[in-house]
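Please keep the sequence and the structure in view while reading.

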Amino acid sequence: MSDPIPPQQPYTPPYTNTPYTDIPNAGPAGYPPPQGYAPQGGYPPPAGYPPAAASSGLSTNSAAALAYVTIIPAIVFLVLEPYNKIPLVRFHAIQCLALTAVWVGLQICLTILAIILHVIPLIGMLIGLVHLAVGLAMFIGWLACIIKASKGEWFKLPVIGDFALKQAQS
């Protein structure tokens, strides 16, 4: 059985019988490098095109959603220059910090209440269920904020959202 594709032969210019083997940076088969080829950087951009814009690496929507992951990205986005100028990212970072403060405050209050009322059997169990329900509601709200921020929406939580919007506009 014969091979359907013949082996590659080195390019030889017309009217000569020698391949380009003496050219620096020639390909492995002795092909000449194309005109305008820069060996270290590939092809240069065509003349007349503006240089590529420097990218910050994150889109606005992904930065807004990432602000909710922990309070660290929210603080970073409020401090770093390109992100603290973008209203959507600024709003979601401030809303994340406010949501975290409310969440921690509620958990502390419910824990103190559970410690105080733990001696009453039925009320102690009821406080435990309330503690669980508040944690679940806060988790669902946090997840909704991430999803809405990744879509680029200005999703405001009931009380926290108004505060965050006011702070983001100032």
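In which helix does alanine 164 lie? Alanine 164 lies in helix H6, residues 160–169. Helices here are DSSP runs (H or I, at least four residues), and they are numbered from the N terminus.

The model is predicted: local features need pLDDT of at least 70, side-chain atom pairs count only at pLDDT 80 or more, and totals for chains, interfaces and linings use all residues. Residues are numbered from 1 along each chain as its sequence is written, and side-chain values use heavy atoms, with hydrogens and water left out.

**Buried positions**

Alanine 164 has a relative accessible area of 0%, so it is buried. Buried means under 20% relative accessible area (1.4 Å probe, protein chains only). The C-alpha atoms of alanine 164 and phenylalanine 91 are 5.8 Å apart, although 73 residues separate the two along the chain.

Histidine 92 lies in helix H4. Histidine 92 also counts as buried, because its relative accessibility is 0%.

The table lists contacts, meaning heavy atoms within 4.5 Å. Residues up to four places away in sequence are left out for alanine 164, for histidine 92 and for valine 89.

| Residue | Residues in contact |
|---|---|
| Alanine 164 | Phe91, Ile94, Gln95 |
| Histidine 92 | Ala64, Ala67, Tyr68, Ala149, Glu153, Trp154, Phe155 |
| Valine 89 | Thr60, Ala63, Ala64, Phe77, Tyr83 |

**H2 against H4**

How do H2 and H4 cross, and how far apart are their axes? The axes of H2 (residues 71–79) and H4 (residues 87–116) come within 9 Å and cross at roughly 140°. H2 is therefore oblique to H4. Axes are lines fitted to C-alpha atoms over the stretch in contact, and angles run from 0 to 180 degrees between N-to-C directions. Oblique covers what remains after under 35 degrees (roughly parallel), over 145 (roughly antiparallel) and 65 to 115 (roughly perpendicular).

H2 contributes Ile71, Ala74, Ile75, Phe77 and Leu78 to the contact. From H4 come Val89, Arg90, Ala93, Ile94, Cys96, Leu97 and Thr100. By class, this contact has 10 nonpolar residues, one polar and one charged. Nonpolar means Ala, Val, Leu, Ile, Met, Phe, Trp, Tyr, Cys and Pro; charged means Asp, Glu, Lys and Arg; the others, Gly among them, are polar.

**The core**

The largest nonpolar core has 19 residues. Such a core joins buried Ala, Val, Leu, Ile, Met, Phe, Trp, Tyr and Cys residues through side-chain atoms within 4.5 Å. Phe77 and Val89 have the most contacts inside this core. Helix H1 (60–66), H2, H4 and helix H5 (121–150) each supply at least two of its residues. H4 gives the most, with six.

How values were computed
Buried means under 20% relative accessible area, exposed over 50%, partly exposed in between (1.4 Å probe, protein chains only).
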